[in-house]
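Subject: A structure for you to look at

Hello,

Here is the structure I promised to pass on. Have a look at it first, and then read on for what turned up in it.

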Amino acid sequence: MTETKSSSAGSAEVWITGIGLATSLGEGLDANWDALTARRVNVDEKGFAPYIVHPWAPVNLDAQIPKKGDQRQMEAWQRIGTYAAGLALESAGIKGNKEILARMDMIVAAGGGERDLAVDSGILNAAAKGNSAPGFLNERLMNDLRPTLFLAQLSNLLAGNIAIVHGVCGTSRTFMGEEAAGVDAARIALARISAGQSDIVLIGGSQNGERKDLLVLYEFGDFNLKHKFAPVWARQENAGFALGSAGAFLVVESKAHAIARGAKPFARLTNVVADRSQRKQAGAVKVTLDNLWSKLGKLEGDGAIITGATGAEPATSEERSFLGEHPDFAVRATGTMFGHAMETQFPLGLGLAALSISRGALFPANDSTGLEIEMSKPPAQIVVVGAGHWRGEGMALVEAIK
């Protein structure tokens, strides 16, 4: 097991002042909240059968990406992220504020870009027939792939497009590493603001889950949910995740900076801790989660847990064992409602935690197993949990501002 990495507020208190959500349930905070309240789930069981995905809800891209040329040069995952980032800036009241945007830092959690399926299929079909000439693969790749595809595959181009479209021009970092990347985006942002190295940071990520190449990739590891949708906690007999298309971005800033510009906070980001257990022995995920829990800070009890539990095994069963030791905390699994958005899942959880605190209620349970219980009083503390489908663990403490 690696040493736990922690980032907690020190000299500077850190507030979440903007939330941008563009998911399978809709765009914006009200649309997503209304869908959660109605226990609505948007899944496609036929378009990628036998695999299940949560498709992105249609939006008017012009609202956040006004130039058609910008839209055309982005792949779907970049459009999703750039759109959600615009919503976050709008939510924080800084969209178009050139003075703040010019020095606003950005930390993006991103995966790899998208493949040209037509070219890949043509090469595989030709290779399957046999008798390929020497250098066949290199020749086809050189001749068939469009040059701009390689640009669309660069992970740091999401940050680049956000800078171009929205004018976020401070320092920029892009983290890769599936679920753990989302945890570290929040952890580093909190550390920088706490240390006085940043005043305001845009963090988040995006994923296009409607990709046949991704489904094939995860099928090699037997990670995909197949045939029929079920809530995350009801997948023991049919383990796996349903990929979700989603963009989730947050604006986090120092209390002093927020007060100076008259910003109204959603919640406080108090601590973020991360680890990466080797998972060589049964129970390793639970041991790591126990360790992270002990490092979050003072927990009052009667709070809530928003988890990005994937449904993949054995990680989900081990996380469920951990959750069973904290019965005073009402649990919500985002994977049931939004699907699994990999790098984006942890920022999504942070956004939902801050939104719940700001609205004085935890959204209703959506679970057939009884693990998720209702919460009658307003949550003052919400722990966001992320246990990667095969590696990487993290937690964050989001609190009401007193």
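Let me start with Asp184, which is partly exposed, its relative accessible area being 22%. Please keep in mind throughout that this is a predicted model. The side chain of Asp184 forms a salt bridge with that of Arg187, at 2.8 Å from N to O. Both residues belong to helix H9 (residues 179-194), where they sit 3 residues apart, about one turn of the helix. Arg187 has a relative accessibility of 11%, so it counts as buried, because the cut-off for buried is under 20%.

How many salt bridges are there by this rule? The count comes to 17. One of them joins the side chains of Glu374 and Arg39, with 3.2 Å from N to O. This pair links distant parts of the chain: Glu374 is in the loop between H15 and S13, Arg39 is in the loop between H1 and S4, and 335 residues separate them. Arg39 is partly exposed, at 41% relative accessibility. Another salt bridge connects the side chains of Lys95 and Glu90, at 3.8 Å from N to O. Lys95 is partly exposed at 37% relative accessibility, and Glu90 is also partly exposed, with a relative accessible area of 46%.

Phe363 lies between helix H15 (345-359) and strand S13 (381-387). Is Phe363 buried or exposed? Its relative accessible area is 1%, so Phe363 is buried. Setting aside neighbours within four places in sequence, Phe363 is in contact with residues including Trp33, Leu36, Arg332, Leu352 and Ser356. Phe363 is 11 residues from Glu374 in sequence, and their C-alpha atoms are 8.6 Å apart.

From helix H1 (residues 29-37), Leu29, Asp30, Trp33 and Leu36 meet Leu352, Leu355, Ser356 and Arg359 of H15. The axes of H1 and H15 come within 12 Å and cross at roughly 85 degrees. H1 is therefore roughly perpendicular to H15.

Next, two glutamates. Glu318, in helix H13 (residues 315-323), is buried yet has no salt bridge. Which side chain of opposite charge is nearest to Glu318? That is Arg279, 6.9 Å away. The side chain of Glu318 instead reaches two backbone nitrogens: that of Gly283 at 3.1 Å and that of Lys286 at 3.5 Å. Not counting residues up to four places away in sequence, Glu318 touches Ala282, Gly283, Ala284, Val285 and Lys286.

Glu325 is found in the loop between H13 and strand S12 (330-333). Glu325 is partly exposed, with a relative accessible area of 45%. Beyond its neighbours within four places in sequence, Glu325 is in contact with Lys286 and Asp290. The side chains of Glu325 and Lys286 are joined by a polar contact of 2.8 Å.

Enjoy exploring it!

Best wishes

Note on methods:
Residues numbered from 1 in each chain as written. Predicted model: local features only at pLDDT ≥ 70, side-chain atom pairs only at ≥ 80, totals over all residues. Heavy atoms only, no water. Helix = DSSP H or I, 4+ residues; strand = E, 2+ residues; numbered from the N terminus. Buried < 20%, exposed > 50% of the residue type's maximum accessible area, 1.4 Å probe, protein only. Contact = heavy atoms within 4.5 Å. Lys, Arg positive; Asp, Glu negative; His and termini not counted. Salt bridge = Lys/Arg side-chain N within 4 Å of Asp/Glu carboxyl O. Polar contact = N/O pair within 3.5 Å; in protein donor to acceptor, adjacent residues only side chain to side chain. Axes fitted to C-alpha atoms, helices over the stretch in contact; angles between N-to-C directions. Parallel < 35°, antiparallel > 145°, perpendicular 65-115°, else oblique.
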